[in-house]
Amino acid sequence: MDASLPTYRLQPFCTQVKRMTERKATLKSVKYGLKPDVVFVFPQYGDATIHAEKFQLANESDVFKTHFTSENWNNSDPIEISDISFEIFNIMMKFIYGKGEDSDVTDENRVQILYATRKYLINDLTYKCIKFMPISWNFFFFNDLEALYILSDSGLRSVGDYLENWSRQNATQIIPNMTRFDTYEPQKRLLKAILESPVLHCTELELYKAVLQLMMNKYKGEVYDEDKWRSELGSLIYLIRFPTMTLQELTECCKRPTLLTKEQVYDLQLWVQKKISSDTVFSFSISHRLVTKSLITQIA
């Protein structure tokens, strides 16, 4: 793509696009509007092109507006698209020009469309993707975790609020899959939001086990290196509320591999048994999280 047009930061998603480029594409040319004056070209799809109008795109997207008003942009130069397929970009254009249909968003292309809408900040189409998901939210997210991270990075408050609530409700299922939390900002932000939450649909022990499983999944096939795990998690460890656990739960956390040091284990046991404080205990929250109704029913 032209250097002046910002590349969306969710680069790991581009691996999904590569699978689509394996299909042989025939040369295509699609035009939108009465007087198209900008051309998008897709080298990976036989140099297929999409022609559109600058004013229409600029009205719908601040990303396009910034690009078209840049002093570095030459009006005669086509814009090369390499991270979005011809088909997906064409669907986005159809919606921009009011020609899109609900059936255009399918089970197969929803994640790719979400990526495109967040790259170019086409908020209306993002909401359409969400509104017309053909299956339940839970099934959608557990099968397309990449979409979860794309939406978490959307900047749309209503979507962000929903995702935070949904993540808290499904913490033990989401956390073990966040194996890129150290390098991938959306995962890091969601993991931190879950661990900081005063309300969760799981016990503190279940939360700890989910984080431990995350590290085991991340380094699957390697010799356990607990010091390395602790270093990588850093301050996130201190968001797990060990002082609120029972002695039996804390004992479970001490089994190898563990995220706790020997000193932390000793100090936490003293706190749980005799309420003897220490620097270790002060590093963690001693306040219990709120127990949700669903969890109360489960415990009962």
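Modeller: Here it is, and please keep in mind that this is a predicted model. The protein exposes about 15,700 Å², of which carbon and sulfur atoms supply 50%. Its secondary structure comes to 17 helices and six strands, and of its 300 residues, 47% count as buried.

Colleague: Why is Q112 called buried?

Modeller: The label requires a relative accessible area under 20%, and Q112 has 11%, so Q112 is buried. Its place is in helix α5, which covers residues 110-119.

Colleague: What is the distance in space between Q112 and I84, and how far apart are they in sequence?

Modeller: From C-alpha to C-alpha, Q112 and I84 are 7.6 Å apart, while 28 residues separate them in sequence.

Colleague: Why is E204 called buried?

Modeller: The same cut-off of under 20% applies, and the relative accessible area of E204 is 10%, so E204 counts as buried. E204 lies in helix α12, which comprises residues 204-218.

Colleague: Which residues is E204 in contact with, leaving aside its neighbours within four places in sequence?

Modeller: With contact taken as heavy atoms within 4.5 Å, E204 touches L239, I240, R241, T244, M245 and R289 once those sequence neighbours are set aside.

Colleague: And for the protein as a whole, what share of the contacts with a separation of 6 or more comes from residues 24 or more positions apart?

Modeller: Among the contacts with a separation of 6 or more, residues 24 or more positions apart account for 66%.

Conventions:
Residues are numbered from 1 along each chain as its sequence is written. This is a predicted model: local features need pLDDT of at least 70, side-chain atom pairs count only at pLDDT 80 or more; totals for chains, interfaces and linings use all residues. Side-chain values use heavy atoms; hydrogens and water are left out. Helices (H or I, at least four residues) and strands (E, at least two) are DSSP runs, numbered from the N terminus. Buried means under 20% relative accessible area, exposed over 50%, partly exposed in between (1.4 Å probe, protein chains only). Accessible areas come from the Shrake-Rupley method with a 1.4 Å probe; for residues, only the protein chains shown count as cover.
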